[in-house]
Amino acid sequence: MSFRYEIRLSGSGGQGLILVGKVLAEAAAIYEGLNATQSQSYGPEARGGASRSEVIISDGDIDYPKAENIDVLLALTQEACEKYVTELKDDGVLIVDSQMVKNIPEGKFQVVKIPIIQSASERLGKFIVANIIALGVIVKISEVVSIEAVKHAIKSRVPKGTEEINIKAFNEGITLAATWQNENL
Amino acid sequence: MIIPNKNIKMMQGNIACAEAALAAGCNFFAGYPITPSSEIAEVLSKKLPIIGGNFIQMEDEIAAMGAVIGASLGGAKSLTATSGPGFSLKQENIGFAIMAETPTVIVNVQRGGPSTGLPTLSAQADVMQSRWGTHGDHSIIVICPSSVEETYYMTIKAFNLSEKYRTPVILLTDEIIGHLTEKIEIPDSSKLEIINRIKPDMNQKEYLPYKITDSLVPPMANFGEGYRYHVTGLAHDETGFPTNDPEKTTEMLMRLYNKIEKHRDDIVEVEEYNTDDMDTLIIAYGSTSRSAKRAIVNATKEGYKVGLLSLKTIWPFAEKEIENMAKKVDRIIVPEMNLGQIAHEVEWATRRAKPIIKINHINGEPITPNEILAYIKQGK
């Protein structure tokens, strides 16, 4: 019996969630030898609007490449959280930016609240790496792919010259998630 | 962690299309980039100049279609890529390519319509336009991949069929497949079958560009090679010059039609899944095949007997295959992201011998496996 793990990354257009999806899928498929797909759905706007990117990871064939029974949902905006939470499993995990998502939808799922965007600005000096911090949080919480595999995938997918800051951001995400785990589990 | 295999890539459908075009020998692209097909133009704008090919961003979609026809007459293997509104604009020139027997490949990454519609969202509503978008009686080849890997191999198939039958071929993909990133093993180029157009070997003065041969596909001379001939969208005789002669025009138009229809067994491709023991058949194509397959996996676990016929080519229509398959079941489900364009063809191919259940989306959202599963469970 093969496993199928579904991750939905949601927020607003321009937050870099499609890149996060591509990195996660590449880590699983290229560096872990699993199967993975990454798909996306966004509006006609260049920036803004609810945007989502989905990653399916499996050790078998992936027939339907979109999320339907979600294991991990990342929501970086209130709008995205409300719009996309409906397909989150009861035993799934909702990861939210604690500053952006104030109203947590009702459900049996676990909720992980982390100040992702604030950490990007305050600890790394660049709010645009919030997406990679979020990636670190997801990888630490889900353990669906190894940290090492994701680092390789980051280096192969991010623009040349930005590898260092992105790896730093990724490590920051892992630390934030580890701290949350120590405090809450 | 494993040591990565260099030939295994995580690739987007549109990028696989561009890479496969290069592997098939494409050396000319003209287009007017449009969502959700733009990545095809983006990749080829970088890669074609490196291999000595040409990339032209044209002033509009109509001109882009004209340019790929002209390039093909000059001997190039040409490609254009578009989506709904652009596909509409290309229709007149697609007819010209059919009439003038010019091989070329047109990619339509379908999005929601009509008009500007839903630019970033998926649809499968150009099925009939791909068949009948250009005026006049004609046959056409339309191919429909449902994965990144299939996009790669079917882009090569599109070039091969266009060269083999001297005709434009349409690769009808959709936003979901075009923007899907998944695993693909890039094949060694020496293992690919690449077909090139048959060139004339007779004396230049004896060359008839539209001669009726046994294969129904006359040899094609490239402009500039010394073979002088006339190319027109008007009905023409074997020399390429216009004629109104009823016998000659019938002969010519029937040859254009039959060169595809009589070779349908060489062209039509379907894939069966779980069809050995079934009472329900799902007929699907493109991204919707993927939803259907997952629905079948889940339905089988619950004891339902459902099979899938996935159409890899849409036109010529797989009527023979569908008719045979329909005999084995008591109902047919046709999910598609339009209001039933293929379902009507299935009704016709099966003479409505079995009930046909349509599942249709026109809002840009994919048809989910759970939706299909709900229909499978109804009445069983």
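How much area do domain 1 of chain B and domain 2 of chain B bury between them? About 1900 Å², with 57% of it on carbon and sulfur atoms; buried area here is the accessible area (1.4 Å probe) that two parts lose on being put together, summed over both. Before you click on, note that this is a predicted model, where local features need pLDDT of at least 70, side-chain atom pairs count only at pLDDT 80 or more, and totals for chains, interfaces and linings use all residues. Residues are numbered from 1 along each chain as its sequence is written, chains are lettered from A and ligands numbered from 1 in the order in which they are written, and side-chain values use heavy atoms, leaving out hydrogens and water.

**Stop 1: the two domains.** Select 8–191 of chain B for domain 1, then 271–377 for domain 2; these bounds come from an automatic or database domain assignment. Their C-alpha centres lie 26 Å apart. The contact (heavy atoms within 4.5 Å) takes 28 residues from domain 1 of chain B and 23 residues from domain 2 of chain B.

**Stop 2: a salt bridge.** Now pick Arg290(B) and Glu182(B): they form a salt bridge, with the closest N and O atoms 2.9 Å apart. The term means a side-chain nitrogen of Lys or Arg within 4 Å of a carboxyl oxygen of Asp or Glu. Between the two domains of chain B the count is two salt bridges.
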